Amino acid sequence: MADGATASAPHLSEFRALLEGPVSEYATASDKLGGCVKDQAGDVKAAFEALYSFLVAAAQKEKPSDDGLQEMVTPIGALMGKVQTVASDTPPRDALFNHVSAWSESIAALGWVMVDSKAVSYIGDFEGAGEFYTSKVLMQYKKTDAAADHQAWVKAVKQIFADLKAYVKAHHTQKLEWNKGLTGGAVGADDGDDEEDDDDDDDGAGGDDALSAFDQIVSGPVATYLECSKAIGAEVEKQAVAFVAGWNKEAEFLRKAAAMPKPADVQSMVGDIAAEMGTVGEIAGNVPPREALFNHVTAIGESVGVLGWVVVESKPVPYIGDMEGAGEFYLSKVLMAYKKADGGEKHVAWVKSVKEMYAALKAYVKEYFTVALSWNFGAAAAGGGGAKKKKKKAAAKDDDSDDDGAGGPDPVAAFQGIVETQLAAYCESSKKIGAEVNQQASSFALAWKNELEFLKKAAKMQKPEEVQSMVGEIAGEMGKVSEFATNMPPREALFNHVTAIGESVGVLGWVVLDSKPVPYISDMEGAGEFYLSKVLMGFKKADDAAVHQEWVKNVKELYAALKAFVKEHFTTGLTWNFEANKPKKSGGGKKSKSAKKKSVGGGGGNASLAEFKAFMDGPVAEFAALSAKIGGCVEEQAKSLVAAFEKQNEFLQKAASMAKPSNQDEIMAMLTATGAEIGKVQEIQNSVAPRDPFVNHLTAIGETIPALSWVVVESKPVPFVGDMEGAGDFYLNKVLVDYKKAEDAGTHQAWVKAARAIFAELKKFVKEHHTTGLVWNTGAGGGGAGGVGDGEDEEDDESSGGGNPIADFEAVMKGSVAAFAGVSKQIGDVVEKQAEAFVAVFEKELVFLKEATSMSKPADDVFQTMVTPVGMAMGAVNDIKDAAPPTSEYTNHLTAIAESVPALGWVAVDSKPVSYVSDMAGAGEFYLNKVLTQFKGKESAPLHREWVAAVKQVYDDLKKYIKQWHTMKLSWKQ
């Protein structure tokens, strides 16, 4: 294969730029700190270099088999293991413990090459896992002489992940693209990622490009699916003909939508599509469960709803993902059934074609209609690449949820209520238990009280440049809470109590998040759920069982109260100076709609308009001046950017003086001038040659300017601006790298800083005045309220679809679990013994599920009795690992299973069981990689690779089963 150093393809040269830029800068910053940080940095850099070698190899071949892929990623996995070993070998008291722990938690992000979807989100999840420690580094060294060196180190780490996400988003959006070639464009399918050929046409209006792109899906992936279905024949072929007809009807529908405004009755236009979808579903419903092709037709019957994205009024991409997921379980069953059968290849090819068809649809909708289907997009292609036109029904009832970032009348009083009620109850029950539980509770309570003081300050001030210094006291107490957990031996009676709180104490960190604080709190809470369940099981028959049950109950109620508080007052993130924006009361104290909108929109317009004007006179003007200093096309594009902001200012002035029009077309007409200027910005971007010295400057602004389309995003405009901002960040970093040693480096650095300041300030403006959507002058009458929340409160979805959850769980046991046991038996020794115990856990869970699906949810004590056999069986799995000598050649096998078997505790979690299983399965991944490394090159290597693959398949099938039958939590009485 060709040497990667000579590769010129953008998907490789830009990864090299990542190595030569942020990764090298991180290594330099680590050298300054020395010690274990320097040692670990060498392994981190080597892991990125190994990843580059992997990408070079992947660029020259089609995706290999699972075994072949495992062999390719083994060098990366080995280096990731080294990175984590440095952390595990560093004592918690070491001054550099937080540094090495940050990388130990986040290095797994390099595993993005193995995921089948959402690669960028995958990286973000692991990046987030390390952020707790990088924040502690900043606080730890804030007032020391070496503060600057440690701040530079944290900044370098964050830059690596920012650039890695931008790189993956640009070149491997959903998952790793294989066979892309070493030079020029891709060898395989054109993914539109190459800079030299990328017009990005993500303009929400789409025009002919959107229509031709959909036609390409129909003539490409959909046609392939039809051919694969014909190879199987019978009902599969018959159903495919109907499904393809549905796709063709959808293509016709899009042609009509491209040339007309949205009609009052959309449903009448999609009748032909719906009819074909109905035929697809009927064919599935007519095939008996015991038929050989039942899983094929059911997979399509369950997921045919993907074509309904055209009538979804927001978030069509997640909608498609949900519909696709409904069929995933059956696709997996097809693979299991035909994997080793004669003629199995055509069934495997069929499954692959289905997945590629859905992946293409998601990518298409994300590219052209991110927010929702745009009507009349053939005529109105001037809207710029960001928010796609959409129209949402006015709220069916008055929205008094106070989801406006300003919280309710008094968020501080509400938080104090939690401290005085739920927190006090938790502390009281901790006193009854005493010892370390009580001591830990004292530190936890102090952390809550420090957070209350923090909120009092935040209520009366603008967000400062340095937030971390304000949360130091909270973090200090959180650290003490965690120490109680780390200092207690696992065999101590109260180990599970203090570990439950130690693992979940991070809930208080929501105040420093820029977005999605409620899911964050849930994730932190979930980290302690398993240990709370173990407390209940451990003390179930104790004389003081009631005391421990009360303690668990109070912990859960404390976290539930915090989530409800944040969801009500700070849904999209902490709002600063919220005391100044407190809404005025009317009548008996209830907020009137007009007062509420004015609180969100800056007093009906004047304050927010003045602030927007100040924003233009400040950051926007500064950016224009620096662009003029650079001159040429950069200056020309900056003039269009300024013009776009001026047009937006005019639009905001109109919106502040009128009610929201009831006709979406009228709103879009008001935005035509802004859209035209956005279009000019992007035209300048597209007019220069790929080798132009300013191509990265122009692309950065061209990718980010769609942020101005936030005015048509009817929920969560702040994250939308953030997404658009992130789209250009990669190119801003390339500007810094390109001009690092130039004579005018200072000018370009200042230009990058100014560009970032524009969109950072825009986010602050939107968050402050239009948190949940553009606020119109609701007092003017007419049109419908702006800024209404999206009303997406999670319901208690018990996911009780049709079919048989017990039979499907048994299918998992007879399939992947039995396969795992068979491979373990071939290895023998303690691996076989532990596998027998692992199978016993599934058998106990099957007994539990049979009971659960035949009864309503019982009281907690009855539930604990039911689930105890599962917990005991899980304990037996751990006991086998603990009994084996550390020198056993199978230590990694045993630890991988022992670390991940808690996944079967999903039945006890109250929300997101699929995510919980993923977390627990992930806990064993490190040891699975060590198994591969340990046996690489040995005669028995294939057997151990098969064993690792079997373990992963078990958890994959378990997640699919849960997603199918128990999506939100365990469903009782199916």
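**Close-ups of cores, a helix pair and cysteines**

**View 1. What F848 touches.** Skipping its neighbours within four places in sequence, F848 is in contact (heavy atoms within 4.5 Å) with F863, M866, V867, V870, V907, L970 and W972. This is a predicted model, where local features need pLDDT of at least 70, side-chain atom pairs count only at pLDDT 80 or more, and totals for chains, interfaces and linings use all residues. Residues are numbered from 1 along each chain as its sequence is written, and side-chain values use heavy atoms, with hydrogens and water left out.

**View 2. The largest nonpolar core.** A nonpolar core here is a set of buried Ala, Val, Leu, Ile, Met, Phe, Trp, Tyr and Cys residues joined through side-chain atoms within 4.5 Å; buried is under 20% relative accessible area, with a 1.4 Å probe and protein chains only. The largest one has 124 residues, and F243, W350, Y364, F848 and W947 make the most contacts inside it. Its top contributor is helix α28 (residues 829-852), which puts in 12 residues; helices are DSSP runs of H or I, at least four residues, numbered from the N terminus. Another core, of 117 residues, lies apart from it and includes M80, F161, L182 and L774.

**View 3. Helices α24 and α26.** The axes (lines fitted to C-alpha atoms over the stretch in contact) of α24 (residues 695-704) and α26 (residues 745-769) come within 12 Å and cross at roughly 0°. So the two count as roughly parallel, the label for angles under 35 degrees. H697, I701 and T704 of α24 meet H748, W751, A755 and F759 of α26.

**View 4. Two buried cysteines.** C228 counts as buried because its relative accessibility is 15%. C633 is buried too, with a relative accessible area of 15%.

Terms used
Buried means under 20% relative accessible area, exposed over 50%, partly exposed in between (1.4 Å probe, protein chains only). Axes are lines fitted to C-alpha atoms, for helices over the stretch in contact, and angles run from 0 to 180 degrees between N-to-C directions. Angles under 35 degrees count as roughly parallel, over 145 as roughly antiparallel, 65 to 115 as roughly perpendicular and the rest as oblique.
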